[in-house]
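Welcome, and thanks for taking a look at this model. Please have the sequence and the coordinates open as you read.

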Amino acid sequence: MKVRSNGWPWNSAEGVPSPMVEAYCAHFYPHEAAAITLDMVLEGHPVFSMMDESREIASACRASGLRYEVHVDLTVGENLWGTFCLLRQDALRALRRRSRAFLERLAPHIARGLQAAALIERGPEARGATAVGSAPAVVVLDSRGRPTVRTGAVAALLEDLADVGVVSRDGIPLAVTNAAERARRQHVHAELDEPTDVVLRARGRSGRWYTIRAMLA
């Protein structure tokens with residue numbers, strides 16, 4: 001079985017410190033956490049704890065005052081339609097068992113709902129894509145991920161891609177930060193003549209899907 005991801009949807013968080021969300025999406029998820037996610041799906045364990053699987057992630061959670069995490073992969077067949085996690089500052093062992101059992105029953109229904117919603121919305125969006133400006137929007141980030149140059153068309157797109165419940169630094173959505181971080185890491189490990197472009201799909205809050213291309217200048 002091969003698990004296929006259906007793009008990078010918008011991020012939503014509530015009550016989680018923004019630095020922790022940014023660290024997860026920009027550093028953990030593109031690499032170690034993504035590998036763990038797919039491995040657990042292939043092993044038939046869509047509900048698990050990242051803190052049990054990764055010392056680095058566990059350390060980052062504890063540094064943010066978080067003591068419990070349960071991660072859920074929303075998969076239908078070979079397609080991964082989304083993921084989410086619940087974090088707590090504290091949790092009794094019995095509560096942990098009950099929450100996992102509940103999420104194992106709930107996850108397949110949420111996954112099918114996401115699949116249906118995405119397929120319904122992609123049709124109208126694809127037909128109306130040319131009605132929105134066709135010129136590419138460009139934002140240039142420095143080595144620390146801070147924006148230095150923005151084209152006029154980028155502001156509205158960044159606002160649509162903005163994360164729910166997360167205050168990103170300098171107004172750069174985590175989907176863009178994630179793509180830039182992947183491009184940097186790919187460049188480090190690539191041969192000189194290999195391309196370092198990274199392409200991600202992301203869904204805006206409007207329901208529109210975007211293609212994000214990150215490259216090193």
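## Helices α1 and α3

Helices α1 and α3 are roughly antiparallel to each other, a label given to angles over 145 degrees. Their axes come within 11 Å and cross at roughly 175°, with α1 spanning residues 18–42 and α3 residues 55–63. Here the axes are lines fitted to C-alpha atoms over the stretch in contact, and angles run from 0 to 180 degrees between N-to-C directions. Helices are DSSP runs of H or I with at least four residues, strands are E runs of at least two, and both are numbered from the N terminus.

On the α1 side, the contact (heavy atoms within 4.5 Å) is made by M20, F28, E32 and A33, and on the α3 side by E56, I57, A60 and C61. These residues divide into 6 nonpolar, no polar and 2 charged. For that division, Ala, Val, Leu, Ile, Met, Phe, Trp, Tyr, Cys and Pro count as nonpolar, Asp, Glu, Lys and Arg as charged, and the others, Gly among them, as polar.

## About the model

This is a predicted model, where local features need pLDDT of at least 70 and side-chain atom pairs count only at pLDDT 80 or more, while totals for chains, interfaces and linings use all residues. Residues are numbered from 1 along each chain as its sequence is written, and side-chain values use heavy atoms, leaving out hydrogens and water.

## Two sides of α3

Which residues of α3 are buried? They are I57, A58, A60 and C61, where buried means under 20% relative accessible area and exposed over 50%, with a 1.4 Å probe and protein chains only.

The buried residues of α3 pack against α1, α2 (50–53) and β4 (79–88). On the other side of α3, R55, E56 and A63 are exposed.

T177 is found in helix α6, residues 174–189, and is buried at a relative accessible area of 10%. T177 and E22 are 155 residues apart in sequence, yet 8.4 Å apart in space, C-alpha to C-alpha.

D142 has its place in the loop between β5 (139–141) and β6 (147–150). Leaving aside neighbours within four places in sequence, D142 is in contact with T148 and R184.

Terms used. Angles under 35 degrees count as roughly parallel, over 145 as roughly antiparallel, 65 to 115 as roughly perpendicular and the rest as oblique.
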